[in-house]
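User: I'm new to this one and would like to go through it slowly. Could you help me read it?
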Amino acid sequence: MMISCLPADDSIEDIYGRFFYDFRTSGFEGDIDCSQAVRAVLSTNNSIYQIYPEAALFPRHSQDVQCIAKLLGQAQFRDVVVAPRGGGAGTNGQSLTNGVVVDLSRHMNRVSVSAKSLLTSGKRSGGSFRSRETLDDC
Ligand SMILES: Cc1cc2nc3c(=O)[nH]c(=O)nc-3n(C[C@H](O)[C@H](O)[C@H](O)COP(=O)(O)OP(=O)(O)OC[C@H]3O[C@@H](n4cnc5c(N)ncnc54)[C@H](O)[C@@H]3O)c2cc1C
């Protein structure tokens, strides 16, 4: 099967332009990417669908995710659409959006195990079976 050709479109809808303008001062430490290349990559996943996002955010840690949620909570950004993304292995296109992809697989992909209590462990939300296990507090 061939993936259809997407029209090259660098324009960003007004509301997303305003969102990213305000976002620059939100304290977000991850990556913001509006490039054609990244948008094209994130327009597909393990489904038959293809939806071109306005941009992608790559949070570095949970505080970055909070920054996104905080800004989304503002009335002026109520129409901004986001879709979290892990490996993109979901088969029904769930991680695709014409809004903003929040891709957790770039930075938030470690599995952490607390040495203080081996009974508790935490997996960051972009982690997969390939993620490296680390001992956080040794
Ligand atoms: C060959 C194959 C075998 C599979 N086998 C199984 C199986 O045995 N068992 C099984 O359960 N599934 C299976 N799946 C389905 C797939 O693994 C699941 O859909 C899995 O949840 C996808 O994870 P992902 O990180 O790739 O999520 P994505 O595809 O990136 O996203 C899936 C959904 O979760 C949301 N999401 C992603 N990350 C987050 C986050 N951090 N916070 C909130 N929402 C988030 C996305 O917005 C989207 O709606 C299989 C898929 C394939 C292709």
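User: In β4, which residue is the bridge partner of A56?
Analyst: In this predicted model, A56 has V101 as its bridge partner in β4. Strands here are DSSP runs of E with at least two residues, numbered from the N terminus, and residues are numbered from 1 along each chain as its sequence is written. Because the model is predicted, local features need pLDDT of at least 70 and side-chain atom pairs count only at pLDDT 80 or more, while totals for chains, interfaces and linings use all residues.

User: In what sense do β2 and β4 pair, and over how many bridges?
Analyst: β2 and β4 run parallel and pair over three bridges, where pairing requires that DSSP finds at least two bridges between two strands. A56 is also the partner in β2 of D33, and β2, residues 55-58, pairs with β1 in the antiparallel sense over three bridges.

User: What about β3 and β4, how do they pair?
Analyst: β3 and β4 pair in the parallel sense over four bridges, with V100 of β4 as the bridge partner of V82.

User: What is the strand order of the whole sheet?
Analyst: The sheet is open, has four strands in the order β1-β2-β4-β3, and shows mixed pairing. Its edge strands, each pairing on one side only, are β1 (31-33) and β3 (82-85).

User: Changing topic, which way do the residues of β4 point, and are they buried or exposed?
Analyst: In β4, residues 100-103, V100 and V102 point one way while V101 and D103 point the other way, and all are buried, which means that 20 or more other C-beta atoms, placed from the backbone, lie within 10 Å of the residue's own.

Terms used
A residue is buried if 20 or more other C-beta atoms lie within 10 Å of its own, exposed if 12 or fewer, and partly exposed in between; C-beta atoms are placed from the backbone.
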